[in-house]
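This report examines one protein chain from its overall fold down to individual side chains.

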Amino acid sequence: RDTDRSRGLGDVYKRQDRTKESWSRPSLDLYYQQGLKNKQLLVFNVVGTYNREKSRRLYQESLQDELLTDINNNVLGDKYSLIGEAVYEKQFSKGNSLSFGLRHTQSFANNEYRNGHYYETDMNQGDTYVYGEYRGKVKKLDYRLGVGVTRSYYKQSGDDSYENYSFNPRLVLHYTLPGNSFVRWKSDISNASPSLGDLSAVEQIVDSLQISRCLLYTSDAAD
């Protein structure tokens with residue numbers, strides 16, 4: 001993206017912002033389901049992924065052909081992820097059921113940064129989610145009540161690890177109306193983990209006024 005702006009008296013301000021990206025993301029998904037006696041069910045799912053990404057960003061600011069800002073960021077990243085989940089379900093009469101599950105996501109990443117200096121980071125991130133859910137029905141009202149706990153872990157080589165636990169309740173109500181209509185209400189508390197690239201402690205210059213860095217490694221966060 002190129003921008004030319006006149007600032008009066010013949011002054012011309014120019015800004016150039018160009019980004020080139022490429023990536024490859026192969027994955028393998030394995031799924032297994034086994035029915036048991038007395039309306040019981042076991043489900044296992046394992047997904048393995050590999051991401052390789054390249055990014056190059058050129059940013060320049062100039063005034064009257066005088067170069068004021070020159071940023072050339074190059075990032076090369078390799079990320080390996082393994083996601084595994086196991087679910088047990090027991091069905092009762094009238095469509096009611098009780099289920100328990102365990103889901104774990106483990107990611108490893110190695111990123112190289114070149115922006116006038118060379119930085120290399122090795123990062124490890126894990127999320128474990130344990131949950132239970134009951135599905136029931138009262139006349140025209142279907143409901144799902146669930147509760148879970150999430151453990152989040154993050155570690156970058158050379159820095160302290162970060163660990164957090166959170167409580168994840170969930171409630172879904174579904175009421176059937178005449179004429180094939182329905183009303184559904186959903187409420188939950190969930191976790192959204194940032195990407196490993198966003199958690200990097202490496203400072204990346206965005207433009208002449210901005211620097212990008214994860215808040216986990218700022219002095220304010222430490223306090």
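## Order of elements

Along the sequence, the chain follows the pattern β-β-β-β-β-β-β-β-β-β-β-β-α. In total there are 12 strands and one helix; these are DSSP runs, numbered from the N terminus, with helices (H or I) of at least four residues and strands (E) of at least two.

The model is predicted: local features need pLDDT of at least 70 and side-chain atom pairs count only at pLDDT 80 or more, whereas totals for chains, interfaces and linings use all residues. Residues are numbered from 1 along each chain as its sequence is written, and side-chain values use heavy atoms, with hydrogens and water left out.

## Burial, contacts and surface

Of the 223 residues in the chain, 26% are buried. Here buried means under 20% relative accessible area, exposed means over 50%, and partly exposed lies in between (1.4 Å probe, protein chains only). Among contacts with a separation of 6 or more, 51% join residues 24 or more positions apart; a contact means heavy atoms within 4.5 Å.

The chain exposes about 15300 Å², of which carbon and sulfur atoms supply 52%. Such areas come from the Shrake-Rupley method with a 1.4 Å probe, and for residues only the protein chains shown count as cover. L28, L30, V46 and L82 make a nonpolar surface patch of about 370 Å², and L82 belongs to strand β5. Patches are made of residues with over 30% relative accessible area and no salt bridge; like charges are joined within 9 Å and nonpolar side chains (Val, Leu, Ile, Met, Phe, Trp, Tyr) within 5 Å.

## Aromatic pairs

Four aromatic pairs are found in the whole structure. Rings of Phe, Tyr and Trp (its six-membered ring) pair if their centres lie within 6.5 Å; planes under 30 degrees apart count as stacked, over 60 as edge-to-face and the rest as tilted. The ring centres of Y50 and Y80 are 5.0 Å apart and their planes stand at 35 degrees, so this pair is tilted. Because Y50 lies in strand β4 (residues 40–63) and Y80 in strand β5 (residues 66–91), the pair ties together parts that are 30 residues apart in sequence. Y50 is partly exposed at 23% relative accessible area, and Y80 is partly exposed at 47%.

For Y129 and Y131, the ring centres are 5.0 Å apart and the planes are at 25 degrees, so the pair is stacked. Both Y129 and Y131 are buried.

## Salt bridges

The structure contains 10 salt bridges, each defined as a side-chain nitrogen of Lys or Arg within 4 Å of a carboxyl oxygen of Asp or Glu. One of them joins R57 and D17, with the closest N and O atoms 3.2 Å apart. This pair links distant parts of the chain, since R57 is in strand β4 and D17 in strand β2 (residues 12–24), 40 residues apart. R57 and D17 are both buried.

R25 and E53 form another salt bridge, at 3.0 Å from N to O. R25 sits in the loop between β2 and β3, and E53 in strand β4, 28 residues apart. R25 is partly exposed at 48% relative accessibility, as is E53 at 35%.

Most residues other than glycine have a negative phi. N38, although not a glycine, has a positive phi of about 60 degrees; N38 is found in the loop between β3 (27–36) and β4. At 59% relative accessibility, N38 is exposed.

K94 likewise has a positive phi of about 60 degrees without being a glycine. K94 lies in the loop between β5 and β6 (97–114) and is exposed, at 75% relative accessibility.
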